[in-house]
Amino acid sequence: MTTDRLMALDLLVSVLTAAAWMSAGVAAAARRPRTAAALFAVALVASLARVWSVLALAGAGWWFVQEKITVALPLLVAAGAAATALAGPRLLRAARRADAASREAVKAPAVAVPLLGAGYAATAGIVQTFLIGYPADPGTALLLLAVAAGAVLGTWRAMSTHVPGLRTATAVTAVAAVLGGTLVFVPSGETTAEGSATGGTAAMAATGSGTGSHEHHSASEGSASLMGAETRPVTDLRGPAAPPPGGAVRRFELTARTATVTLSSGRKVPAWTFNGQVPGPPLTAVQGDLVEVRLRNADITSGVTLHWHGYDVPSGEDGVPGLTQEAVPPGGEFVYRFVAAQVGTYWYHTHEVSDLGVRMGLYGTLVVTPKGTAAEGLDLTLPVHTLGGVTVTGDRDQPLVRQAAPGTPVRLRLINTDNTPHRFTLAGTPYRLVAVDGTDLNGPGTLGRVGLRLAAGGRYDLAFTMPSDPVLLRVDDRTDSVRITPESGPPGDGAAAAKGAGASATADSAADSGAVPAADGQTAGWPELDLTRYGAPAPTPFTSRSRFDRNFTLVLDRGFALTNGRPAYAHTVNGAAFPDIPTEVVREGDLVRLTVVNRGRETHPWHLHGHRVLVLSRDGRSVTGSPLWLDTFDVQPGQVWEVAFRAANPGLWMNHCHNLSHADLGMMLHLAYEGVTTPFHGAHSG
Ligand SMILES: [Cu+2]
């Protein structure tokens with residue numbers, strides 16, 4: 001069983017255990033010996049199942065089983081054993097007789113209280129896991145114990161005027177509560193970064209204190225203490241004014257404004273747009289060009305920026321409001337310049353109130369092609385988004401229909417611009433997954449009948465040669481996204497022939513339904529491709545055996561925390577939420593290892609700005625296929641990802657969950673290069 005399944009099972013069993021003990025106690029108090037005895041039996045079995053599920057999690061190497069073993073399990077076992085010893089014999093006797101006297105007997109506190117007590121103890125274990133979260137500490141354990149004990153005493157006192165040793169028990173409980181509360185709520189001095197920084201003592205100086213108000217988190221203040229060290233403002237880290245020799249300048253103008261967009265079906269959706277369209281205009285360049293984008297804001301009142309997702313631009317061009325620039329207000333503008341050094345499929349989006357902004361349509365595609373290769377065949381860039389509640393591919397809420405002559409090379413560039421993963425299937429042809437997040441894979445093999453799970457923010461490039469039968473791309477096993485039909489004509493002429501096909505898409509798609517045999521069947525049962533085992537291995541500049549200059553561990557979870565000054569049931573990293581998550585500080589040239597662990601029940605697509613990371617392992621298993629360079633990796637519940645990168649792009653960078661509503665609820669932090677400062681003081685970065 002996978003860790004994820006075990007976690008779900010453990011949760012189910014723990015809730016069942018608490019509910020069974022609790023209702024056994026209630027049934028006893030309500031003079032129902034038979035019901036109480038039956039529920040008692042269920043509680044016993046559930047408790048044993050809970051012991052098994054925790055031990056199974058331990059066996060699976062689950063990182064956080066320790067807190068279950070040290071807190072939840074002892075509480076449950078002790079309280080369950082006490083309840084069995086104290087209430088069990090009387091309950092069974094009463095259930096056998098079930099007369100008036102026995103009904104009165106099970107109502108006694110000596111039966112009901114231990115049963116309810118076991119229920120409280122089991123509940124405390126759930127509270128510990130889901131509300132308090134990681135990291136567990138002695139203070140919370142003590143506090144929970146005191147609360148459970150207090151509840152037992154309170155119940156007992158409510159059921160009976162005489163509770164033996166009540167005063168002593170109350171006093172002990174109160175002392176435990178005060179002690180636990182002190183340990184939990186009184187700050188224990190300094191906040192330190194989770195990662196070990198072997199680079200020297202100056203490392204933490206650039207981060208600010210990690211406590212207190214927003215201002216303390218701006219790198220500029222902390223860096224004042226970097227005495228004698230060279231400092232650079234992030235605003236100096238900009239792209240060049242002219243392209244490298246041989247490169248052209250590609251100028252684009254993007255104006256953010258609200259508009260109503262019309263989808264291919266005629267459906268109208270109110271949106272936030274670039275140049276009145278969703279997605280924004282596709283940006284294309286040839287490797288070595290200088291991309292120059294003038295961003296204007298017409299009427300997006302919350303402001304707008306451009307972030308180049310997956311593109312390792314200079315930090316000052318990264319478009320993070322409050323960190324690398326101020327958000328562009330209505331009437332304002334900002335010019336971005338960077339060299340198109342990386343080939344492949346990328347996208348851009350606003351980073352100001354990005355959860356709402358991207359959802360409303362402030363995004364578009366960026367594709368960079370290699371120099372000196374003429375475009376051939378059919379090349380489709382396909383951003384998939386949920387707009388106004390429907391899945392759209394590009395600007396279409398109906399299948400895009402194209403024609404291509406058999407033999408035509410076809411490339412499909414899939415981009416997930418949503419907050420959650422999408423599953424793609426391609427039917428009707430064998431194909432290869434040739435690039436992930438813009439980087440070519442090594443030796444990708446032929447695929448068919450597999451599902452491709454694409455992380456939020458991620459990209460897959462699929463390539464195949466057009467067969468003589470139709471080909472169908474489907475999203476989430478239900479939405480037909482692209483249909484390519486063969487046309488008679490000279491091979492290789494597909495691109496030209498496809499031009500006229502878009503206009504008649506609606507009619508074609510109706511006529512063609514049923515014409516793709518492989519795709520008409522169910523795709524939901526197709527197994528998911530494991531990327532870590534796809535393609536062929538190749539040498540990488542570093543491996544899990546390399547010596548790392550920095551190691552950072554990020555535990556992703558949910559819990560109560562302050563985010564932007566408001567208490568919230570936040571999405572947390574190492575128990576804290578933005579802006580209280582310590583900044584990760586690196587030095588230029590460092591080899592950095594990030595270990596990202598998902599302790600919660602939701603998927604977190606992790607995204608580091610400005611760097612591609614090499615996947616070292618997932619759940620302790622090394623990558624055995626092609627090297628995987630990703631900018632967004634999908635950390636599913638229970639998973640442990642170990643990735644690494646060379647710190648070779650100085651600046652101040654966001655490191656965050658690309659489920660942007662999670663980022664909004666605290667799941668983001670900064671990665672800062674020593675000595676880089678920001679003149680911007682807003683802690684807001686999302
Ligand atoms: Cu997330």
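Author: His 662 is found in helix α13, which spans residues 660–664; helices (H or I, at least four residues) and strands (E, at least two) are DSSP runs, numbered from the N terminus. The model is a predicted one, in which local features need pLDDT of at least 70 and side-chain atom pairs count only at pLDDT 80 or more, while totals for chains, interfaces and linings use all residues. Residues are numbered from 1 along each chain as its sequence is written, and side-chain values use heavy atoms, with hydrogens and water left out.

With a relative accessible area of 4%, His 662 is buried; the term buried means under 20% relative accessible area, exposed means over 50%, and partly exposed lies in between (1.4 Å probe, protein chains only). Leaving aside residues up to four places away in sequence, His 662 touches His 571, Glu 602, Thr 603, His 604, Cys 657 and Met 667, where contact means heavy atoms within 4.5 Å.

As for the setting, the protein chain has 13 helices and 34 strands, and 53% of its 686 residues count as buried. Among contacts between residues at least 6 apart in sequence, 76% join residues at least 24 apart.

Charged pairs come next. Side chains of opposite charge can pair when their charged atoms come close. The structure holds 33 salt bridges, each defined as a side-chain nitrogen of Lys or Arg within 4 Å of a carboxyl oxygen of Asp or Glu. One of them joins Arg 459 to Asp 631, with the closest N and O atoms 2.7 Å apart.

Arg 621 forms a salt bridge with Asp 530, the closest N and O atoms being 3.3 Å apart. This pair links distant parts of the chain, 91 residues apart: Arg 621 is in strand β28 (residues 621–622), and Asp 530 is in the loop between α12 (517–520) and β22 (550–563). Arg 621 is partly exposed, with a relative accessible area of 38%, and Asp 530 is partly exposed at 22%. Elsewhere, a network of salt bridges links Glu 253, Arg 294, Arg 296 and Glu 333.
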